Amino acid sequence: MQLNSSLIKQSDNFSVATESNPEEPEIDKDTEISLIRSTLPTANGEGVGLYIGQRSNSLAFQKSEELQQTLLSHRHERQLIILQDFPDPDALSSAWTYQLIAQQYDIKCEIIYAGTLSHQENIALVKLTGLPAQRWTTQTLKNKDLSSYQGFVLIDNQGTTSQLLTAVQQAGIPLVAVIDHHSIQAELKTEFADVRPYVRATATIFTQYLQSGLLALDSSISQHVRCATALMHGLRSDTNRLMQAQEEDFMAAAYLSRFYDAQLLNAILQANRSKRVMDVIERSLKNRIVQNNFSIAGVGYLRYDDRDAIPQAADFLVTEENVHTAVVYGIVHDEDDELEVVIGSLRTTKLTLDPDEFIKEAFGQDSSGRFFGGGRTGAGGFEIPMGFLSGSNENSAYAKMKWEVFDAQIKQKLFKLVNPKDNPIQSE
């Protein structure tokens, strides 16, 4: 996939694909990213020198140097780290790592997200490690003095899955960095970018920063151990328990193995599913349609706090015999803001299916050119605002009719790709 050169503007250009590695997917040779480089010298001799063992991976080494230069140019500032509305372990752990790295440059960061933590493992991760993430709703933003922040950072997302982005941009806060492993979702002007769609987890990218010496982990420091444990969980989560890991992911896991707490990680993974999550999985089983090895299920209305039941249901459906791809979706309702949105998750074990391309082709983009969804290796998701049709579900007959319309439309779009010969909407 070609990265748009207007993503980041600066005079110092390089090609992402200059290094040939037979183990990695080929990237368009014309792909270019422009980066802003600081004129400040590197901090040699101050504990942030670059680990020579990483020189074999020139891109990781180069990005670590560039991030260091960016951080040096933003000393003594305050920044916001914006995560997707429903952050996963990869996003949470990577954001925490950035926060700890930035502290060395006297940069104070707050990790924020607009949605909720409803997946039992995410709740356990935050509670058991003390991970400093905060929920900021759009209402919260109205009561915040955003002028005290000199920049914001997008980690494991590119702003398309956050309700907070627009308000932060309108406040005039500049985008300092985008660090992500998803395919390009939107054009953004940023000072530093490290977007590697072929990397399995953003946690892998941040572990490479650690290996490069941007932060010297110390197993005698409790916070470092807990952060390393979170990173291991993030890496494990986004590589399907390392089943989809590549060489650099295993190398990252090997490095983290020196510092993480295995008992703490096991406690996080042992978190039990709630009854509401089990109910959604049951609904997905009951409603699923299996065709051409795709399992597609609509689960109706869900509370905002139960949103993470959708990807868990997709994780479950994809394990069925003769199914290689599962798509689960529902209408998520936020009673506080009277907001409704169609949210869906895709999981696949088919190596030749690109979730990012599949979702973008199925659902397209809005009037401003932002795609309704995207993905990475093995997984993807989509969010479609319902706009004028949001809310007003007191009448059960109307609510049922509205769901049937959205359910039919989503199936229509999906089956056009799954089996173009079939028409799931049959006219009388």
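Predicted model: local features only at pLDDT ≥ 70, side-chain atom pairs only at ≥ 80, totals over all residues.

How many residues apart are K275 and D279 in helix α10?

Guide: K275 and D279 are four residues apart in helix α10, which spans residues 275-287, so about one helical turn separates them. Their side chains meet in a salt bridge, with 3.1 Å from N to O. The two partners can be told apart by their surroundings. K275 has a relative accessible area of 64%, over the 50% cut-off, so K275 is exposed. D279 has 27%, which lies between 20% and 50%, so D279 is partly exposed.

Now let us follow the chain out of this helix. R288 sits in the loop between α10 and β9, and the side chain of R288 forms a salt bridge with that of E320 at 3.0 Å, N to O. This pair links distant parts of the chain, since E320 lies 32 residues away in the loop between α11 and β11. R288 is partly exposed, with a relative accessible area of 29%, and E320 is partly exposed with a value of 29%.

Another pair brings in helix α11 itself. The side chains of R347 and D315 meet in a salt bridge of 2.8 Å, N to O. Here too distant parts of the chain are linked: R347 belongs to strand β12 (residues 339-348) and D315 to helix α11, 32 residues apart. R347 counts as buried because its relative accessibility of 16% is under 20%, whereas D315, at 36%, counts as partly exposed. Salt bridges can also share partners, and in this way R276, R303 and D306 are joined into one network. The count of salt bridges comes to 13.

Let us finish with a pair of helices. Two packed helices are described by the angle between their axes and the distance between the axes. For helix α12 (residues 355-363) and helix α13 (residues 396-418), the axes come within 9 Å and cross at roughly 125°. That angle makes α12 oblique to α13. The crossing of α12 past α13 is right-handed. On the α12 side, the contact is made by F358, E361, A362 and F363. On the α13 side, I410, K413, L414, L417 and V418 take part. Sorted by type, the residues of this contact comprise seven nonpolar, two charged and no polar ones.

How values were computed
Residues numbered from 1 in each chain as written. Heavy atoms only, no water. Axes fitted to C-alpha atoms, helices over the stretch in contact; angles between N-to-C directions. Helix = DSSP H or I, 4+ residues; strand = E, 2+ residues; numbered from the N terminus. Parallel < 35°, antiparallel > 145°, perpendicular 65-115°, else oblique. Left-handed = near helix turned anticlockwise from the far one by under 90°. Contact = heavy atoms within 4.5 Å. Nonpolar A, V, L, I, M, F, W, Y, C, P; charged D, E, K, R; others polar. Salt bridge = Lys/Arg side-chain N within 4 Å of Asp/Glu carboxyl O. Buried < 20%, exposed > 50% of the residue type's maximum accessible area, 1.4 Å probe, protein only.
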